[in-house]
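I opened the model to look up strands, ring pairs and charged pairs. My entries follow.

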Amino acid sequence: MAVGGTCLNLGIKIPFGFPVSNFKASPKSFSSLSTSGLCRASQVAELFPTVSPEVYVRKVRLEDCWEVAETHCSSFFPEYSFPLNFVLRIDRLIAMLFGFSIPNGCQRNCLVAVVGSRDEEACLLGTEELKLGGFDGRLSLNKGYVTGILTVDTVADFLPRKGPLRQRRKGIAYISNVAVRRRYRRKGIAKKLIMKAEAQARNWGCRAIALHCDTSNPGATKLYIGQGFRIIKVPEGANWPQPKTSPNVEFVFLMKLLDV
C-alpha cells in the first residue's frame, strides 16, 4: 500500500538487519468537503472517527466461529454472491475448527472485537477445559456480536528464514487476517485489535511484531504506520515469503519493535 511521510532515523535497530525504507505521508485532502451549505454528518464522522466504548477485544470462542468466517469472507471476498459466498464461509469454518494446528513451540491466537458484555460480565456455561479445535467451547448467554477479527502467531511462515538451514525466526510475532465489518469501520476497532495483538506478543516474549499489507490499500498502510510500524525494504534479489493470494497482489512488509 502506498504510504506517506518521511522515515526519521531514530537510531532504532531492526531485528536481523532489515533496512528501513523511506516513506512519505501527505496530509488528508479536504477538497471533498463542501464549502457551502450545511456540513454533512458523514463528513464530520470521516474527520473525527470515534472508538465505540461498547467494543472490546478478546480471544475467539467456539461460538464465534461462524461470525468470524462471515467477517473474513465479507471483507476479503465482497464480490462473491450466493452460493459461492456461502461455500467460502463453510470452507473457512471447517479450516478454523480442524486446521488450526501449529508447530511445536509456536503460539497462535485468533482475536475478535465484539459488541456486548465483557468476559467478566458474561454468563458462561461450561468449564475452561471444554475445547474443540483449540477453541474455548464455553457458551455465553449474552454472547457479543463479532465486528472485527485478527490472527497473531509466532509460526513465522511469512518471515525470512534464518541461516543456511532456513530455521524459523523466533521472538517475532506475525499479524494476519485483519478484517472489520463494513458498518463498523472507522471506529477505531482495527487499532484495538492491533493493540491487543501487541500485548499478546509481549506476553509471549516477542521483541517485535510484523505483518504484510496489500499495496492497493493505502488506508491500511497508513493505519499501521500510525500504530508505530515501519516499512521494511526487501533486499534486491531476496526471495522473502509472502501470503499466498492472487498472483497480481503485491505486499509491503512492516515491522514494529516492542517494549518487552
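I looked up Tyr174 to start: its relative accessibility is 3%, so Tyr174 counts as buried (buried is under 20% relative accessible area, exposed over 50%, partly exposed in between; 1.4 Å probe, protein chains only). I note that this is a predicted model, where local features need pLDDT of at least 70 and side-chain atom pairs count only at pLDDT 80 or more, while totals for chains, interfaces and linings use all residues. Residues are numbered from 1 along each chain as its sequence is written, and side-chain values use heavy atoms, with hydrogens and water left out.

Next I checked aromatic pairs (ring centres of Phe, Tyr and the six-membered ring of Trp within 6.5 Å; planes under 30 degrees apart are stacked, over 60 edge-to-face, the rest tilted). The count comes to 7 aromatic pairs. Phe158 and Tyr174 make a tilted one, at 5.6 Å centre to centre and 50 degrees between the planes. Phe158 sits in the loop between S7 and S8, Tyr174 in strand S8, 16 residues apart.

**Strand S8**

I took helices (H or I, at least four residues) and strands (E, at least two) as DSSP runs, numbered from the N terminus. S8 covers residues 172-180; 7 of its 9 residues are buried, so S8 is largely enclosed by the rest of the structure. I then looked at pairing (at least two DSSP bridges between two strands). S7 (residues 145-153) runs antiparallel to S8, over 5 bridges. Ile149 has Ala179 in S8 as its bridge partner. S9 (residues 208-214) runs parallel to S8, joined by 4 bridges. Tyr174 stands opposite Ala210 in S9.

**Salt bridges**

Which residues did I find linked with Glu198 in a network of salt bridges? Arg202 and Lys256 are linked with Glu198 in that network (a salt bridge is a side-chain nitrogen of Lys or Arg within 4 Å of a carboxyl oxygen of Asp or Glu). The closest N and O atoms of Glu198 and Arg202 are 4.0 Å apart. Both residues lie in helix H4, 4 residues apart, about one turn of the helix. Glu198 is buried at 5% relative accessibility; Arg202 is partly exposed at 29%.

I counted 7 salt bridges in the structure. Asp157 and Arg168 form one of them, with the closest N and O atoms 3.1 Å apart. Both lie in the loop between S7 and S8, so the pair ties together parts 11 residues apart in sequence. Arg58 and Asp64 form another, at 2.7 Å between the closest N and O atoms. I found both Arg58 and Asp64 buried.
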